[in-house]
Amino acid sequence: MTRTFANVVCGRRSKYVVLAIWVLVIIGAGPLAGKLSGVQDNQATSWLPHSAESTKAYAELSTFTDRDSFPAIIAYERTSGITQADVAKAKHDAKSFSAIDGLSGHVAGPFKSTDGQALQTIVPIHVDPKSGWNDLPDVAKSLENTATSGASSGLSVRVGGPVGLGADQALAFSGIDGTLLFSTVGIVIILLLLTYRSPTLWILPLLSSGVALTAAQAFIYLLVKHAGLTVNGQSYGILTVLVIGAGTDYALLLVARYREELRRHEDKHEAMALALHRAGPAIGASGSTVILGMLCLLAAEMNSTKGMGPVLALGIVFALLSMLTLLPALLVTVGRWIFWPRRPGFGTPEPTATGVWAKVGGFIKGRPRKVWVTTALILAIGSLGLFKLDATGLSTAESFIGEPDSVKASKTIDTHFASNAGDPVYVMVNADTATKTAAALKSDAGLSQVSPPRTKGDRALITASVSGDAYSPHAFDTVKQVRSIVHGIPGTGALVGGTSATTLDIEDASHRDNLVIIPLTLLVVLLVLGLLLRALVAPVVLIATVVLSFGAALGISGLIFHYLFGFGGADSSLPLFVFVFLVALGIDYNIFLMTRVREETIKSGTRRGALIGLAATGGVITSAGLVLAATFAVLATLPLVAFAEIGFAVAFGVLLDTIIVRAVLVTALNLDIGSRIWWPSKLSRIPDRRDDDPGRPEQVLESAEV
C-alpha cells in the first residue's frame, strides 16, 4: 500500500471525491442488486457438469417427453384403512388436478397400497428451468387445497415428490436475502458495540460492508444476465454472509491500526495515511488470498461449485475496495469524535501493551514447546471425529430441520408402497437393443415396474421404478446396478438419468472436487504466504496449523452433528466448503498476526516480535473471529441441514482458529522456532533482543531491504 494511494484516499480534499464516487456507485447499483435473488438457478441438473451421464440423459429426454415435467405425488393416508369415500374423494381430486395450470401430462391414479392404508396420485407439472422453481410453493399449495378440501376426518393428505420437495426448498430459500441480511446485520451491530464500546463507531464499518454487498450483488447480476454466470440459493446466501463478515473483519483491522496511529499523530489525515500504509498490505494480502482461494473453485467439476467461485471472489473484491477506500474516507471525514466515549487522544497510552493477550503471551513465553505440543495434540484428537462424519449425502427426510409436507409425503410413500412410481429412473438406449435392455432390467436388476420401450427414431426410452426415497443410498445403489447392466450390453449407447441418477452424479462429482480443490487451495495459499512473508519455513508451519485447525473443526463438528443435533449425515460438499472457507478466511488471521510479527521482528527480533504482535493484534483478531463466526452461524437460521452444518462448522472453526490456533499455537511455535522461522530471508539472522538490551537488532542488517 503506497503512501501516495493512502494520501489520496484520506486527503483533505480528495476524501470527498472518494465519497462522491461511492455515492454514484450506490445510486447505480441499488436497483440492480435487488434483482439478483430473482435470477437464481436451483435446478439439480444445472449444478452438474455437462459431462455427467444424468445431464446427457436429461438433454435427450426431451425427445420422448417434456423434460421439464416433474411429478407432484399426492399421498393420502388413513392408518385404520382407506375407505370407499376416501377412494371416491381421491378420484374426484384427480379430475380436478387435470384442470390445474402447468399440467404437463396425464394425471395417474389414485393407486391403492397393498396394505390398504394409503393412496397416491401422480400429477405431472411443467417447471420452467429458470424461474419455475420459485412458483412451486404456489403450485403445491393449490394441489394441497384441492386434496384437503372436503376430506373426511382421519385422512391425512400431503404433497410430495419432486414438486413437493422443490416447493419446501423454495420456501426455505424464500426471503433468504432478508432473513440472512437482517440477522447478520443485527449480530454484527451487537458485536461491534461490544468491541468498540461506542454507540456510533459501528455505523461506519457496517455501512461500508453494506455498500460493498450492494455493489457486488449488482455486478454479479449483470454477469448472470449477460455473461452466463450461474447463481443458486447456496452461493447467494453465502455471498451475503461472506461480504459482511469478511468486510467487517478488514474494517476491524484498519480501525485498530488507525486508533493506534491517532495516539501517535495529532493530524487525523496523517494517522489514517500511516494506518493504511501499514495495515493496508495485510488487508490486501488477506483479501487476495480469499479471492484466490475462491477462484480455486473454478477447478470444480460441479457447476454449482464452479459458479460459486467467481460469485464469492467478486464479493471479496468489493469488500476490499470498500474497506480500503470508502471506510478510510468516512473515518477521516467524521474525525476522532466517532470513537466516543473512548477517544484515542494524541499522546495517550496504547492499551494493548498491558491487555489480555499480552498476558497470554507472557504465559506462553516461559513454556512455548510445552504449549504448542499440548495444543497440537488436543487438536489432533479432535480431528479423530472425522471418522464419524458421514458426508455421503442427505435423504429427503434428512435434508430439513423439522418435517415439512414433502418429507411426510415421502415417509407415507416409503411405508406403504413398494416402489416410487412418481420418480423413476430413465434409461435411453439404441432402439435395436431396447427390448433386450428392458428384459435385462427386469431379470438382472429385479425391478418389477419396467415400462415397455418407447421408440422415436433410432433411440428408445425405458423407465424403471425404484423402491424407497429417490435420494436414499438404496436408490443410488439401484442406479449403479442399472448402469452396470445397461452399459454391459453391447451397442446400447445407454444413458441413465432421473432424480436418483442426478443426485448420485452430484455425490460423485463432489467427491472428485474434494480431492482436487483441497490440495490446490493449499498450494495457492502456501505460495501467497511465501511471497508475503518472504520465507519458506513460516508458510509451511502456518499451513500445517491451518490443516490441523480444519481437521479439528470438522471432526468435532461431525461429532456434534451426530450426537447432539441428531443429523442423519452431511452433504457431500460440506468438507470442501468448510475447508475453503476456513483456509481462505483463517489465513486472514495468520496474515494479520504474522505481518505484524514481521514488522516487530525488524525492531526487536522474532521472539519479542511474536509477543508484541500477539499483544497488538490479539484483540482485533479475536473480535474479527467473533464477527465472522457469528455471521456464518446465521446460516443455521435456514431450515436446511446442509446450510446449518456449513454455518456451524465454519463458525466453530473460525473461533477455534482465532482463539486457540492463531493466538496460542502459532505464537508458541514462533517463540520456540525463533528467527529460523524466517529462513531463508535476512530476518532469520536478526538476533532476539534481551529485555535489558536497548539496542536495535535491525542494525545487524547490511541492507534495509528485508
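There are 19 salt bridges in this structure, counting a side-chain nitrogen of Lys or Arg within 4 Å of a carboxyl oxygen of Asp or Glu. Keep in mind that this is a predicted model, where local features need pLDDT of at least 70 and side-chain atom pairs count only at pLDDT 80 or more, while totals for chains, interfaces and linings use all residues. Residues are numbered from 1 along each chain as its sequence is written, and side-chain values use heavy atoms, with hydrogens and water left out.

Let's go with arginine 459 and glutamate 60: their closest N and O atoms sit 2.6 Å apart. The arginine is in strand S7 (residues 459-464) and the glutamate in helix H4 (residues 53-61), so this pair ties together parts 399 residues apart in sequence. Helices (H or I, at least four residues) and strands (E, at least two) are DSSP runs, numbered from the N terminus. Both arginine 459 and glutamate 60 are buried, meaning under 20% relative accessible area; exposed is over 50%, partly exposed in between, with a 1.4 Å probe and protein chains only.

Next, arginine 257 bridges to glutamate 599 at 2.9 Å, N to O. That joins helix H10 (residues 233-264) to helix H20 (residues 574-604), so parts 342 residues apart in sequence are tied together. Arginine 257 is buried at 6%, whereas glutamate 599 is partly exposed at 21%.

Also in H20, arginine 596 and glutamate 600 are four residues apart, about one helical turn. Their salt bridge is 3.2 Å, N to O, and both are buried.

And what are Arg257, Arg596, Glu599 and Glu600 linked in? A network of salt bridges, which also includes Glu260, Glu261, Arg264 and Arg278.
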